[in-house]
Amino acid sequence: MEMKIAFTDKEITPWGGMSLLRNMLDQIDFTTVVEGCPALPQPGSNRGYSPLRIIESFMVSVWCGANRFLHTEVTRHDSVLTQIFGWDQAPGNDTYKRYFSKFNQAVNQRVFDHFYRWYFSQLRFDNFTLDFDSSILTRYGQQEGAKSGYNPKKPGRFSHHPLMAFIADSLMVANFWLRSGDAHSANNFVGFLEDTLNKLNGKQLSLVRLDSGFYDKEVFDYLEKRDLSYIVAARFYRPIKWAIA
C-alpha cells in the first residue's frame with residue numbers, strides 16, 4: 001500500500017480537541033460569569049492580565065494535563081491554543097503563582113460563593129438529600145494547617161481533616177472546607193451547613209444524612225431548630241444498647 005507524505009504551512013497542535021471545550025465555555029457564558037464576580041482579585045498594573053485570562057488559561061493547562069505550575073509553559077507556547085481561545089498571549093507560570101497568592105480564606109469564601117451559586121442554579125434538581133462526611137489527609141511536608149490529630153492509619157503524623165457535603169441525587173460536591181488535622185468531625189459543622197445551604201440558595205432540602213462522627217448535641221440542637229429532617233448514625237455505646245433493650 002502506498003503512503004503519501006505531504007507538508008503544510010498550517011500550524012498544528014496535539015490539543016485540537018480543546019476547540020470543543022472552547023465551545024462549551026461559550027455556551028455556558030463563562031466569560032460573563034467570571035467577569036461578574038466582584039470578589040476576584042484584580043491585577044496590580046494596567047499591563048497585568050485580566051482575571052478572566054488567567055483563570056481560563058490555567059483551566060486549559062489543567063485540561064491539557066498540567067499538574068505543576070511549570071507545566072503551564074507547554075500550553076503557553078502553543079500558538080494554536082492561543083488562537084482557539086482568542087488570546088494574544090497566555091500568561092507564564094509566575095503569573096499564576098502571583099495571582100493565586102492573592103487568595104486568602106476570606107477571598108476564597110466570596111469567590112466560591114459566587115461560582116457555587118451560579119453552578120447549582122444551572123442544575124435542575126430539588127427536594128434533595130444532602131450527605132456530610134469528613135476524611136483524613138495525611139501530610140508529609142510543612143503544609144499550612146497540617147497538625148497532629150486522629151489518624152488511624154498514620155498515628156502521630158500531621159494531617160488535614162476536611163469536611164465535605166454531597167448532593168446524593170446528582171452526585172455533586174456541594175461544599176468543601178479544609179480544616180486542620182486536630183479538628184473533630186463535628187467541629188464547625190453548623191457554620192459549614194449554613195454555608196452549604198447559602199450556596200444552594202433556592203433549592204429545597206429534604207433530608208440531611210450524617211455519619212457517626214457528627215453524633216453531637218450541638219448538631220442535633222441545630223437540626224431541630226431549623227426543623228430539618230435528618231438521619232445520623234450512632235456509635236453503639238452501652239447506654240444506647242440499654243436504651244434499645
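**Reading the salt bridges**

Author: Buried means under 20% relative accessible area, exposed over 50%, and partly exposed in between (1.4 Å probe, protein chains only). Keep in mind that this is a predicted model, where local features need pLDDT of at least 70 and side-chain atom pairs count only at pLDDT 80 or more, while totals for chains, interfaces and linings use all residues. Residues are numbered from 1 along each chain as its sequence is written, and side-chain values use heavy atoms, with hydrogens and water left out.

Reader: What is the partner of Asp221 in a salt bridge?

Author: A salt bridge is a side-chain nitrogen of Lys or Arg within 4 Å of a carboxyl oxygen of Asp or Glu. Here Asp221 pairs with Lys217 at 2.8 Å, N to O. Both sit in helix α9 (residues 217–225), 4 residues apart, about one turn of the helix. Helices (H or I, at least four residues) and strands (E, at least two) are DSSP runs, numbered from the N terminus. Lys217 is exposed, at 59%.

Reader: How many salt bridges are there in the whole structure?

Author: The search finds 8. One of them joins Arg22 and Glu56, at 3.4 Å from N to O. Arg22 is in helix α1 (residues 18–27) and Glu56 in helix α3 (residues 51–63), so this pair ties together parts 34 residues apart in sequence.

Reader: Are Arg22 and Glu56 buried or exposed?

Author: Arg22 is buried at 11% relative accessible area, and Glu56 is buried at 5%. Arg22 and Glu56 also belong to a salt-bridge network with Asp26.
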